[in-house]
Amino acid sequence: MKRLIVLLCLGVMILPMMAQEIKLTGEMWNRWTVERGKKNVAEEFSIIRNNLSLERGYLGLEPKFSDAVKGRFTVDIFSADLSDGAGLKIKYAYLDFNKLLPIPDMTTTIGLQKVYFGSIYDWDYTLIGKSPTDEYKFANSADYGLTVHGYIPKGWGEYALGLYNGEGYKKYGANLKDNIEPAFLANLRVIPVAGLTLGGSFMLNSSERSDLLDGPGDNPKYNKQTLMDAYLNAAYGPMSLTGEYMTKDVSYPNDSAKDMSANCASVNAVLKLKTLVEKDIDFVVRYDRSDPTDSDEDENIVTAVTGGVNYNFMHDDSSNPAMQLQLNFTNKSNSVKNDKNINSSALMLQLKWRFNNTLKV
Amino acid sequence: MKVRNVIIILAILLIGVSAFAKTNKVVCSGSTTVLPIAQATAEAFMDKNPNVNISIRGGGSGVGIAALQNGTVHIANSSRPMKTKEMNQCRAKGIAPTAYAVALDGIAILTHKSNPVSNLTVKQIKAIYTGAIKNWKDLGGPNLPIVVISRDVASGTFEVFNEKALGGAKVISSALLLASNNAVVTSVADTPGAIGYAGLGYLGDGVKTVSVNNIVPSKATVQNDSYPLSRKLYMYTNGKAKGAVGSYIAFIQSPAGQKIVENEGFVALK
């Protein structure tokens, strides 16, 4: 493992030296969270969380080797998930080859990269919360794999085909040894008229392996997953509305009693005041309805409503803000209330700041 | 009651959007190559239309197109066609990018006035910019190291040059990257071994223009597209240009506007 880390660090240091130019990027999310809830259904509601954290600390290098070959290496240094110290995750480490296949505007990407499923790959965090695909554990935001993706001419949309590990960027080593089947992905978005985007994603995945490595017999945890997502976005002037519906069917070939399915619908609306009042302020609302286990045994439906406001400032020449102050309030409720399904609400205030600088080597 | 309130708010917003679209203030940003055309034509247009206020900024083609996507400008000036990715981003945000050609241009290859080399092939230009040829003596010139001067990556001129002359190849790492056409012309004029490139509108007496594949960049060779590094210059708007924006662009494309284009050193569309 140490050798791997040393090799990785050397690679990160040497690759940019071969590059034509390097873009240095950074994005920090400083967050204050106050959460109200309870540990079990019998207790009274109280403040169960009140803290400041660095939720994300992305640092990236984007070397450009030529017009046709670019790389990206991004690490996430964060303080949020740990009781002590800081954590480090490698978020992206990939190479883009723009002219590997003779198809205009098509890119072949190899390495730890985005997962082109639903809205997860271009979720812009206008709200503090994650994309529904990520939030409700339908798919991972990044994974190790090989994809071809590109744009349909004249701005008619985009597409992606991918082959991934299927385990996500947080899993490696022993987690992966137990899965010998890759995940397959197809994604298509079309823009029939300016302001209207229609999309769909399909993914076949699996986890664990059918036969146990450390003994005879079938692995009861081996499962096959079919994921589908429908996406719609309508944008007109300062307003945009996004809707997404996704399903996940999981079958256990060695233990069919565990078969399950999940679904989720999410709608969010954004009103951008920038072009109306010359103040870069956004109002956002979101409604999620999730059924994590669509079965007779567990009929709980989770609903989450979020309202928020963003103030964007420190703009560059293109009017992109370098800083964003976000205030969100989320109320999460369960249709079946027990110790596993407890209602909660959270107030979050987040200062997000980003930078990028292109250096000529 | 709640539904009525929502309808009232939406109506106010739509009126606000319409008011923004009909304003007599026109904001443009983008290409530094298109900048002198935009400035000179805006001055002439505002003289005839004192109720219209046109504000123009540079920044590079990419910057202007991003500003159009963000809804903060009415016109994005660009010295290259919009990329498919940019077009997708615009359309997804409800922006319908519409291109208006406003002038023609040739990217002139510049050397110091004292340099006797008068013609380069596209292949030789690529060899110079990728570092395969490093001395003017290899091109029939003096024994003088070549100082390669290029534009920064946000520049549309760089992107067109990179595509048409270099075929997407990597520029030699020792090249000096400058942020404007003027800076390139000045640096080439001050450096005996230098080679650079700039739009025709920026040429002056301090530099020498070499022919490319034995074709001199001129009005005739740019208009008939025989000059290898010729291109169109664009203004992009959200949908069909209307109101003051439409009148301004129509003025640039009119004979009076095209005369100003030529006075600025560029080539008229016809």
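The contact between the chains takes 33 residues from chain A and 30 residues from chain B, two residues being in contact if their C-beta atoms, placed from the backbone, lie within 7 Å. This is a predicted model, in which local features need pLDDT of at least 70, side-chain atom pairs count only at pLDDT 80 or more, and totals for chains, interfaces and linings use all residues. Residues are numbered from 1 along each chain as its sequence is written, while chains are lettered from A and ligands numbered from 1 in the order in which they are written.

**Side of chain A that touches chain B**
- Strand S7 (157-164), strand S10 (223-236), helix H4 (274-277) and strand S16 (344-360) of chain A each supply at least two residues; helices (H or I, at least four residues) and strands (E, at least two) are DSSP runs, numbered from the N terminus.

**A:Arg36**
- A:Arg36 belongs to strand S1 (residues 21-37) of chain A.
- Beyond its neighbours within four places in sequence, A:Arg36 is in contact with A:Phe45, A:Ile47, A:Ile48, A:Ser344 and A:Ser345.

**Domains of chain B**
- Chain B is assigned domain 1 (2-104 + 232-263) and domain 2 (105-223), with bounds from an automatic or database domain assignment.
- The C-alpha centres of domain 1 and domain 2 of chain B are 31 Å apart.
- In chain B, 14 residues of domain 1 are in contact with 13 residues of domain 2.
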